[in-house]
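Welcome, and thank you for opening the viewer. Shall we walk through this structure one selection at a time?

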Amino acid sequence: MIPASFAYERAQSVREAVELLESHQGEAKVLSGGHSLIPLLKLRLTSPTVLVDIGGIAELKGISAEGDRLVVGALTTHAEVAASPEVRRHLPLLAEAARQVGDLQVRNRGTVGGNIAHADPASDLPAVALALDAVITVEGPAGRSEVPVEDFILGPLLTALGGSDVVVSVAFPIPKGKWKGAYEKYPHPASGYAVAGVAAVIGVDDGGTIRDARVGITGVGDMPYRARDVEAALVGNPATEEVVRRAAERADAEGSFSGDLFASEDYRRHLSKVYTRRALMRSLP
Amino acid sequence: MASVFGTAIKRREDPRLITGNGRYTDDVQLPGMLYAAILRSPHAHARIRGINVEKAKRHPGVVAVFTGRDVAGKVAPIPTAWLPPDSNIKTPAHPALAVDSVRYVGDGVAMVVAESRYVARDALELIEVDYEVLPAVVDPEKAMEKGAPAVHEEVPDNVAFHWQAGSDPASAFQDAEVVVRHRFRQQRLIPNAMEPRSAVAQYNAGSGEMTVWVTSQNPHIHRFLLSNILGIPEHKLRIVAVDVGGGFGSKIPCYADEALVALAAKELGRPVKWTEDRRENFLATSHGRDEVIYAELAGKRDGTMLGLRIRMVANMGAYLSTAAPGVPTILFGLITVGPYRIPRAHTEVYGVFTNTTPTDAYRGAGRPEATYVIERMTDLFAREIGMDVVEVRKKNLIPAEEFPYTTALGLQYDSGNYHGALQKALEMVHYEEFRKEQERLRTQGRYIGLGWSTYVEICGLGPSQIAGAVGFQGGLWESAAVRVHPGGKVTVFTGASPHGQGEETTFAQIVADRFGIPVEDVEVVHGDTDRIPMGWGTYGSRATPVGGSALAVAADRILEKARKIAAHMLEVSEEDVEFADGKFQVKGVPTRQVTFQNVVLQAHLAWNLPAGVEPGLEAQAFYDPVNFCYPFGAHACVVEVDVETGQIKVLRYVAVDDCGPVINPMIVEGQVHGGIVQGMGQALWEGAVYDEQGQLVTGSFMDYAMPKARFFPSFETAHTVTPAPHNPLGVKGIGETGTIAATPAVVNAVVDALAPFGVADLEMPLTPEKIWKITHGRDA
Ligand SMILES: Cc1cc2nc3c(=O)[nH]c(=O)nc-3n(C[C@H](O)[C@H](O)[C@H](O)COP(=O)(O)OP(=O)(O)OC[C@H]3O[C@@H](n4cnc5c(N)ncnc54)[C@H](O)[C@@H]3O)c2cc1C
């Protein structure tokens, strides 16, 4: 598989990356781990004239706890997220999702920034990002800004990123109080991507009543989504299996479902409920 | 010294291969080498109204562009080399590049040769082809219907051949108390060898010699066919295929691409390389299976099988690939009765053209399909008469004392102990306990199932006389040359062509064992027609039973001569010399002995040889087996079905195989494991899908699900040993058994698990949604 020819630039800083992108007027693309971009190049489904490799930019790497959130640098790999003591302590469901991305090679090369920026509708991280209300830090020609994930992912392979924008980091807020979370995934047997993936968080008060519930669902259609109907059916109710079971039935009330060769729309609707229930069950504190 | 035969020494190939020191075709780098890329049809069926290559020719770095018209007079059509007799076989011309029509997505249309691989690939996009798209047909049964588009004008009904075996079993059906009928679909599979196909050609205009490095399972067959296609005499044509990264049948055929690369090298006076990419591998390398099978089994209520009637419609794709017609006929049609004593049987096969990638042998080739059908039918029969599936098998398996056993389809099964293998598997599985556990779990809403596959395989291809009788356009004997060097080291030249099976190791074990020398002292050479004697390659699990036997015979010839020399050295008559542990010794006098190495040295020095004995120590053997080999065994698979989502989890897999004496247990286990994985791949995940227009929908690893290590439990393997009576090693093949046995074992297990849902059969691959539809009362 041979891509069309392209020029290669290596940026030393985020600023330089933005400038390079700007100077090529929409003809350039950022290269991170390359595990989504390079297949597209090889299939000649995209043919940018320039690749701006940000792989050497130190400031884009690493994970840090900043107040009540974990900030994950754009270049952090899935393997690093999965292995991070910080992530495992504060946001085990994020580690769980990262551990289930593709296979070993993909986890060692693929990056969090690339995953979010690519916005594949079957990617795992968007489900977790949605459930946790993650915020994406973007640097563009006009400087830095923070974009909530719900405003960032706009459609299949479509984001709010401008042609000269670079994802700098993704900040995952750590829920407060007593809570638990989980990520449940049905991997496609061929690609490893999610046929259905559900990130769930349940927070309870001292009396055992659900005060906070978040459900992010990926893989089942054009776009990952927040299952707010499910959340509404949980909040204010006792944290019991029965409540979860009933709430999970509403998993397909939102979202745009679609089918393919492996799984029809109907089946995916069914899976969204089953995996929502399974993720929520494991999130009962 | 302990015998090395039967020991699990490590594969000597591996250090080379896993450290990147293998020599695969794509590793060949020659000065001045050019690169070819092939433009492939995006349409399943179209007429070519015109091709404009001018822009591509002008592209910087492009050296030449060839179209079908350019090569037509220079490269003969690609031949079919298996022509089953009495089958009215039609072999419409298969041009190396399409001239007037394209017949499948992937059909070659033009070739660009350029200074780099990248330029060649870019230039493909500059070729303008004016296609008139024609209606296409992809389903083999639809292709047989009246009014279906004709893939080849000269074959209006699309029937490539019609073949039959056995005799009419009508009387069995009249006597039957029960008749089970079923239609099975063997989905199309994509072999997906790890190494894509590749060819490098170099022509010496001075000497007229052409060398082609190519990904081949059978370099001499390639030489045979390419010589005819290219018009280059055999003695001027050298084929080299040393390290080949898997083939699974897909590297048996001779492909147009290889001939085109050779033509380009000759025309342009520079070496040319072509390596397919994975997308081409999906589209333009042969596929496997893709058949519809109608089966009818007649029997009695006491479980006795009486007769079997099979009708198969086999999708051959757009052209008849090299060995393709032999697969659904000889390799399927003669073994449909499996390991059972079924007195009457008949097979009828239609080979049909469609607008799809040509099919050919794929690991097991025909025998997995036959085993699948009879093993599924056995379960359906058991269900119909309310008998346990193991009891039905026990009742019908050919008893050990009846071997050699001639089947209703005319094969003579040489040896076997089918009940013995089944018994061993039953013990490993703990069958009775399993049934209790199954009952218990069902009351909790959990569904586990156990599936059996008792199989027999026909392999070790095969007696050349039979090869001729069944239309194989070649011999099936094998060659070996053993050259003992003055210092006692040995080089072995084999006509077999290992490409992952580890014969560099096992063949060295065979020779080291016979000579009583360290296995490190034996080198195995293969895959280069300039170095090895004529041979027919590796497929049909033949390398060890046939090639290994040739080697044993050649080694024994060396020993015969060495014994003469030893006797002379020891000053006794030949009869008084015995050979053991690498030493010739006077019988009863242990102090009077000479080592093998010592004798070898004397043979080469020739200072004092017995009268009439020539100097040197080298022998050659051509071994033609008198029968096929018939490995057999019993496999059992345990699954759990998550009825909520339809997902299937394989809990256990037990394999008892009988391949005769095991030369290297580790290699045999590797073959069994790999085979099982491929067999399960068909049952659970793999399946090529075309849309109505003939586009391959599963055209990449994103959609075509290859089995992954994490899908499997650890396999439990064991052996029984029933030597093949007719070859010097007693060995049978083991390369395909896993693939042959595993597929029905898995499907039988899932059907067993879902029995409470009234499930009798499921179409492969058993994707979760199909199961979910059944368990949720929706139409599958
Ligand atoms: C076989 C396989 C299986 C996979 N399975 C899964 C799976 O199960 N789950 C899953 O979630 N993912 C999966 N992936 C995708 C994997 O996680 C990718 O690595 C990831 O989606 C993209 O990250 P990357 O660093 O490789 O990005 P790249 O491929 O380098 O880039 C992807 C896109 O994002 C843009 N981009 C990258 N980084 C930035 C940035 N910092 N700022 C702005 N734009 C940027 C690029 O320009 C490009 O358009 C799989 C990939 C493969 C090849």
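Start by selecting Arg440(B), which counts as partly exposed because its relative accessibility is 43%. Keep in mind as you look around that this is a predicted model. Arg440(B) and Glu437(B) form a salt bridge, with the closest N and O atoms 3.1 Å apart. Show helix 14 of chain B, residues 431-443, and you will find both partners in it: they sit three residues apart, so about one helical turn separates them. An α-helix has 3.6 residues a turn, so residues three or four places apart point the same way.

Next, select Arg49(B) and Asp130(B). They form a salt bridge whose closest N and O atoms are 3.5 Å apart. Arg49(B) belongs to strand 2 of chain B (residues 46-52) and Asp130(B) to strand 6 of chain B (residues 128-133), so this pair ties together parts that are 81 residues apart in sequence. Is Arg49(B) buried or exposed? With 53% relative accessibility, Arg49(B) counts as exposed. Asp130(B), at a relative accessible area of 36%, is partly exposed.

**Third stop: a longer link**

Move on to Asp528(B) and Arg238(B), a salt bridge with its closest N and O atoms 2.7 Å apart. Asp528(B) is in the loop between strand 21 (522-525) and helix 17 (543-570) of chain B, while Arg238(B) is in strand 11 (residues 237-240) of chain B; the pair links distant parts of the chain, 290 residues apart. Asp528(B) is buried, with a relative accessible area of 5%, whereas Arg238(B) is partly exposed at 27%.

Switch to chain A and select Asp133(A), Glu150(A), Asp212(A), Arg214(A), Arg226(A), Arg228(A) and Glu231(A). Salt bridges with shared partners join these residues into one network. Over all chains, the structure holds 74 salt bridges.

**Fifth stop: where the chains meet**

Now show both chains together. How many residues does each chain bring to the contact? Chain B gives 30 residues and chain A gives 24. Between them about 2200 Å² is buried, and carbon and sulfur atoms give 58% of that area. On the chain B side, select Glu644(B), Met702(B) and Glu769(B): these lose the most area to chain A, together 24% of what that side buries.

To see which helices of chain B take part, highlight helix 4 (117-124), helix 9 (278-284) and helix 21 (768-775); each supplies at least two residues to the side that touches chain A. Helix 4 of chain B has the largest share, four residues. By class, the side of chain B that touches chain A has twelve nonpolar, five polar and 13 charged residues.

**Last stop: helix 12 of chain A**

Finish with helix 12 of chain A, residues 265-283. At 1.5 Å a residue, its 19 residues should span 27 Å, which agrees with the 27 Å between its end C-alpha atoms.

Key:
Residues numbered from 1 in each chain as written. Chains lettered and ligands numbered in written order. Predicted model: local features only at pLDDT ≥ 70, side-chain atom pairs only at ≥ 80, totals over all residues. Heavy atoms only, no water. Contact = heavy atoms within 4.5 Å. Buried area = accessible area lost by both parts, 1.4 Å probe. Nonpolar A, V, L, I, M, F, W, Y, C, P; charged D, E, K, R; others polar. Expected span 1.5 Å × (residues − 1). Salt bridge = Lys/Arg side-chain N within 4 Å of Asp/Glu carboxyl O. Buried < 20%, exposed > 50% of the residue type's maximum accessible area, 1.4 Å probe, protein only.
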